[in-house]
Amino acid sequence: METWSVDQVCSWLVEKNLGELVHRFQEEEVSGAALLALNDRMVQQLVKKIGHQAVLMDLIKKYKQNSQELERPRRPGETAQVTPAAAATEDEKSSSPASHGEQTPSFYPADNLDNGLIDQRVLKQRRNVKHGLARNRALQWTKSYVLPEFPYDVKCMLAEQKCPDHSMRIRIIEFLQADMTKYLDGSLYPSTQQYNDVVNALLQAHPFLDEDGCGFFLWKRALKDRFKYVRRPIEDDEQVMRNKCKFGHRRGQRRKSLTDLRCDEIQIVQIKEEAVCLDSVVDEHINWLQQEYVKTEKDWREIDNRMSQTLEIRRKLIDSRTPLKDILKMFPFLKCPYQMFKEFQLLTRTDIYKKTRHILESYSENILTSFSVVDNPINIALQEKMRQYTDEDMLKYMKMTATCLLLPDVFGDDPSLFVAVNEKVQVSTPVLEVKNPFNINVCEFSLYLEKERLTKMDDCVTAVAALVAAFHVFGIKCPRRLSQTLNFLETLIFDMHNPYFPSIKEKEK
């Protein structure tokens with residue numbers, strides 16, 4: 001297979017009932033060597049259907065296993081199948097005079113050692129064979145993997161084909177994790193292929209869980225996070241800690257007395273009780289915030305207090321890539337610009353609204369007279385509107401709005417990643433939507449996240465501040481085609497240095 005051409009690979013796909021992939025493999029020029037080098041991520045990008053992904057990965061894996069078994073040398077204890085002709089040849093060799101003379105050296109150095117010691121190469125070879133057999137045992141379960149028996153309420157939800165909420169997702173992940181743990185022989189975490197097979201089995205049994213074609217990655221990430229963060233590490237295991245206290249985990253460490261052991265056990269119990277109390281307190285805060293969010297008159301002082309107390313658990317959820325929909329459901333006040341600014345201030349000790357207003361007021365003239373935006377339609381519309389008004393406040397409002405809309409054009413970035421003016425939002429990263437920007441009576445500013453409206457704002461200063469804060473608060477990576485604009489804003493927000501804008505006259509000179 002390593003020497004196959006692209007046409008031979010396509011013929012092989014047709015033989016394996018994967019003819020739908022021929023056109024795609026021809027476009028990407030996948031030869032035999034490239035086929036064997038494919039990993040999970042490449043297959044997911046190359047093949048759209050999950051069923052075809054699973055079949056293709058299984059075929060490649062079987063070929064690699066067969067080739068490894070053919071190349072693996074025979075161990076000393078293995079008995080090979082001997083044909084009658086080979087047996088006769090061996091009898092002739094044993095009866096010949098040469099067989100009673102000088103013996104030929106053994107293939108394994110251990111046979112030539114008189115002192116009974118085993119050569120290190122033999123030990124290494126035996127370890128490799130043992131690891132290979134262990135890998136084969138671990139992979140056997142995925143070929144016939146069957147989903148576990150879910151509880152009654154989960155079965156009802158799956159039968160009705162309803163989109164599961166956060167709590168139901170957690171229950172499904174919990175049962176999948178418990179079922180996968182039974183197959184982990186001597187390992188703490190599953191392999192990548194085991195994750196893929198479990199998620200594929202789940203989506204094939206219940207296709208409606210594949211939300212917008214991204215369900216595979218979401219369920220796989222949730223399952224991996226469950227093993228990584230929720231599963232208790234072995235160092236925190238009670239029996240392991242007791243053994244370390246009794247025997248010591250370092251060479252030469254003395255044993256602890258019975259009094260010390262009892263103190264350690266009491267400390268373990270106290271830690272567990274504190275963890276239970278902490279979970280109950282967090283749940284209480286979340287329930288109170290959800291109920292308060294629905295009320296017309298809100299107690300903002302108590303909201304600030306509870307949001308500050310739950311900051312640590314909120315950051316852990318965001319760092320562990322918990323879906324933003326679930327985070328916003330637990331902490332709905334993150335949709336409010338004021339609370340988003342408060343969160344940003346707790347993280348960076350910076351008043352982002354005040355800084356953003358200062359930036360737009362200071363650099364408005366430089367940006368509007370920049371050489372790259374002179375012929376921009378937004379700048380032309382601004383000049384026409386300014387001729388119709390004489391009020392200074394109105395003119396200042398329109399200038400600052402135009403400054404907000406022209407920022408990505410000044411730095412050569414993609415404007416659609418920053419703001420959508422009278423258009424539908426097309427990107428999943430944080431982006432602004434502006435309607436009727438120069439009409440103060442009907443102008444609308446909105447912040448979108450994952451193509452859904454997160455919050456609505458009154459002016460351009462709040463909109464730009466909320467956009468920058470969203471990237472920091474929700475831990476979202478800045479798009480490469482928007483990096484220059486956000487770097488400019490963050491540089492001034494955090495007072496690193498002052499950038500320079502050449503005017504039209506200076507540009508002509």
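Leaving aside neighbours within four places in sequence, Phe474 is in contact with Ile318, Leu324, Leu328, Leu334, Met340, Leu449 and Leu454, where contact means heavy atoms within 4.5 Å. The model is a predicted one, in which local features need pLDDT of at least 70 and side-chain atom pairs count only at pLDDT 80 or more, while totals for chains, interfaces and linings use all residues. Residues are numbered from 1 along each chain as its sequence is written, and side-chain values use heavy atoms, with hydrogens and water left out.

Phe474 is also listed, with Phe331, Leu432, Leu447 and Leu489, among the residues that have the most contacts inside the largest nonpolar core, which has 74 residues. Such a core is a set of buried Ala, Val, Leu, Ile, Met, Phe, Trp, Tyr and Cys residues joined through side-chain atoms within 4.5 Å, and buried means under 20% relative accessible area, with exposed over 50% and partly exposed in between (1.4 Å probe, protein chains only). Helix 21 gives the most to this core, with 12 residues. Another core, of 23 residues, lies apart from it and includes Ile50, Leu147, Val199 and Trp219.

The 4 strands form an open sheet in the order 1-2-3-4, with mixed pairing, two strands being paired if DSSP finds at least two bridges between them. Strand 1 (419–421) and strand 4 (452–457) each have a single partner strand and stand at the edges, so one side of each is left without a neighbour in the sheet. Neighbouring strands are turned by 25 degrees against each other on average, direction ignored.

Strand 3 (residues 444–449) runs antiparallel to strand 4 and is joined to it by 5 bridges, and 5 bridges also join strand 2 to strand 3, again antiparallel. Val431 stands opposite Tyr448 in strand 3, whereas Leu447 stands opposite Thr455 in strand 4 and Ser446 has Lys456 as its bridge partner in strand 4. Strand 3 and strand 4 form a hairpin with 2 residues between them, and Glu450 in the turn has a positive phi of about 55 degrees. Strand 3 is mostly covered, with 5 of its 6 residues buried. Helix 21 (residues 460–473) lies across strand 2 (431–435), strand 3 and strand 4, running at about 10 degrees to strand 3; axes are lines fitted to C-alpha atoms, for helices over the stretch in contact, and angles run from 0 to 180 degrees between N-to-C directions.

## The buried side of helix 19

In helix 19 (residues 377–386), the buried residues include Ile378, Asn379 and Leu382. They cover an arc of only 100 degrees around the axis, which puts them on the same side of helix 19; the arc is that of the directions from the helix axis to the C-beta atoms. Helix 18 (352–368) and helix 20 (392–410) are among what covers the buried residues of helix 19.

## Confidence in the model

The mean pLDDT (the predictor's confidence in each residue, from 0 to 100) is 75 for the protein, and 72% of its residues reach 70 or more. Among the elements, strand 2 has the highest mean pLDDT (91) and helix 6 (residues 84–95) the lowest (43). Over residues 133–140 pLDDT stays under 50, and the model has 6 contacts beyond four places in sequence for them.
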